[in-house]
Amino acid sequence: MAKPKPDTTTTTSSSKSSSSWFFSFLVSVLIIPVAAAVVLYLLESFDPASLPTHKFPHTPVTSPRVNPRLLQESEMIGAGKLFGPEDIAYDAKSGIIYTGCFDGWVKRVTFNDSVVHDWAFTGGRPLGVALGRAGEVLVADAEKGLLEISEDGMVKLLTDEAEGVKFKLADGVDVAADGMIYFTDASYKYMLRDFIWDMLEGRPHGRLLSFDPSTKETKVLVGDLYLANGVVVSPDQTFLIFCETMIKRCSKYYTQGDRKGSVEKFIDLPGMPDNILYDGEGHYWIGLATANDDLWDLALKYPSIRKVMAILERYIWRPQFEKNGGVLAVDLEGKPVAHYYDPVLSLVSSGIKIGKYLYCGFVFRPYMIRLDLDHHAARTTS
């Protein structure tokens with residue numbers, strides 16, 4: 001008796017159905033999204049530029065002493081009253097700290113008891129602050145320009161353009177002993193709310209400037225800077241130090257002597273700098289918005305990665321790589337002395353030693369922090 005042939009119809013049909021399902025899944029989950037991403041990339045008009053990677057630090061920048069618990073070991077100052085205290089200026093005679101906040105107010109914080117007072121309303125976004133020579137306070141306001149605030153809180157615009165180009169992001173400011181005001185315009189193209197686009201585009205829109213109160217003249221001292229940020233006058237008044245956030249560097253600009261008008265590197269940094277302040281005791285303190293990060297470093301090196309980040313920023317959400325923000329103390333020669341940071345901190349904008357405390361400001365956090373250096377000073381690394 002002949003054996004019946006096996007029925008392969010069901011098996012074949014099942015195999016075809018399984019293959020069809022797998023192909024449909026592959027198309028819907030992988031091929032279509034990838035194809036859509038490629039089309040979106042090709043159609044995106046944003047065109048990042050190559051950065052001068054030869055200016056980037058090529059060896060790790062380290063400090064002999066560190067404290068990696070900056071936030072954990074600090075106390076909050078002005079919690080809920082200081083919204084984004086970006087820069088810090090301390091008047092030792094009155095015991096008052098000045099800072100500019102996100103709500104448009106330049107505020108006073110008393111050193112002894114940390115009481116916060118609204119002092120002067122700029123109507124913009126005050127960033128850099130510096131004490132003048134006759135009781136006034138100079139403010140680099142991201143939206144208004146360079147401002148002067150009198151002792152009684154009256155706000156006056158000094159300048160908002162240079163060489164016919166308006167400031168889009170007035171940022172850092174300091175005043176020399178002769179009254180000359182030095183400041184930065186981080187970008188003449190992008191405003192503060194769009195600063196990430198300046199970084200993603202990677203073109204030098206920043207400027208270092210001066211304003212002479214006696215002549216009312218505004219000059220561009222150095223152009224083509226990569227997100228020009230903090231600026232400070234040297235103790236001997238012969239040069240400035242200014243920060244470029246994107247290339248992680250502080251540079252000198254000579255204002256006196258045979259080298260007047262020339263620029264040279266001061267220090268390469270272990271992260272992206274914001275403000276730089278001098279403590280009167282032989283140290284500069286540099287706010288680091290974020291420490292070095294492998295993903296950010298790749299993005300800075302390759303424009304194509306920044307274009308992808310721009311697409312995510314525009315249509316979805318840009319991953320946040322910023323971490324280990326803090327403050328780096330360096331000596332007068334630009335050698336690191338101490339590094340204070342915390343893994344959870346980002347967008348630390350300023351730091352300065354006042355008495356036995358390290359005060360730090362932020363771009364967005366609703367408070368300052370104060371670290372007792374007698375108890376929590378950075379320690380020598382092994």
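Trainee: What makes Lys252 count as sitting over the ring of Phe239?

Mentor: This is a predicted model. In it, the charged end of Lys252 lies 4.5 Å from the centre of the Phe239 ring. The distance cut-off is within 6 Å, and the charge must also be within 35 degrees of the ring normal. The charged end of Lys252 is placed over the ring, so the pair counts.

Trainee: Which ring does the charged end of Arg365 sit over?

Mentor: That of Phe362, with 5.6 Å to the ring centre. The limit is within 6 Å, so this distance passes too.

Trainee: Why is the pair of Tyr357 and Tyr359 called edge-to-face?

Mentor: Take the centres first. They are 6.3 Å apart, and rings pair within 6.5 Å. Now the planes. The angle between them is 75 degrees. The structure holds 14 aromatic pairs.

Trainee: Which residues touch the most other members of the largest nonpolar core?

Mentor: Leu70, Ile97, Tyr340, Leu358 and Tyr359, out of 32 residues in that core. Strands E23, E24, E25, E26 and E27 each give two or more residues to this core. E26 gives the largest share, five residues. Another core lies apart from it, with 23 residues, including Leu200 and Phe321. In soluble globular proteins, nonpolar side chains tend to be buried together.

Trainee: What does Tyr340 touch, beyond residues up to four places away in sequence?

Mentor: Among its contacts are Asn67, Leu70, Trp285, Leu358 and His376.

Trainee: Why is Asp198 called buried?

Mentor: Its relative accessibility is 0%. Buried means under 20%, so Asp198 qualifies. Asp198 is part of helix H2, residues 195–201. Beyond its neighbours within four places in sequence, its contacts include Tyr190, Arg203, His205 and Met246.

Trainee: How far apart are Asp198 and Met246 in sequence and in space?

Mentor: They are 48 residues apart in sequence. In space, 9.4 Å separates them, C-alpha to C-alpha.

Trainee: Is Leu347 buried or partly exposed?

Mentor: Partly exposed, because its relative accessible area is 21%. Buried would need under 20%, and exposed over 50%. Leu347 is in the loop between E24 and E25.

Trainee: What makes the phi of Leu347 worth noting?

Mentor: Leu347 has a positive phi, about 55 degrees, and is not a glycine. Most residues other than glycine have a negative phi. Asn324 also has a positive phi, near 55 degrees. Asn324 sits in the loop between helix H4 and E23.

Trainee: How many cavities of 30 Å³ or more does a search of the whole structure find?

Mentor: One. The volume of the largest cavity is about 30 Å³.

Trainee: What lines the largest cavity?

Mentor: Its lining includes Lys248, Met272, Asp293 and Trp296. Strand E22 and helix H3 each supply at least two lining residues. H3 gives the most, with three residues.

Trainee: How many helices and strands does the chain have?

Mentor: Five helices and 28 strands. Of the 382 residues of the chain, 50% count as buried. Among contacts between residues at least 6 apart in sequence, 52% join residues at least 24 apart.

Definitions and conventions. Residues numbered from 1 in each chain as written. Predicted model: local features only at pLDDT ≥ 70, side-chain atom pairs only at ≥ 80, totals over all residues. Heavy atoms only, no water. Core = buried A, V, L, I, M, F, W, Y, C linked by side-chain atoms within 4.5 Å. Buried < 20%, exposed > 50% of the residue type's maximum accessible area, 1.4 Å probe, protein only. Helix = DSSP H or I, 4+ residues; strand = E, 2+ residues; numbered from the N terminus. Contact = heavy atoms within 4.5 Å. Phe/Tyr/Trp six-rings, centres within 6.5 Å; stacked < 30°, edge-to-face > 60°. 1 Å grid on protein atoms, 1.4 Å probe; cavity = no way out; pocket = protein on both sides within 12 Å on 5 of 7 lines; lining within 4 Å. Points joined across faces, edges and corners; volume = space filled by probe spheres on them.
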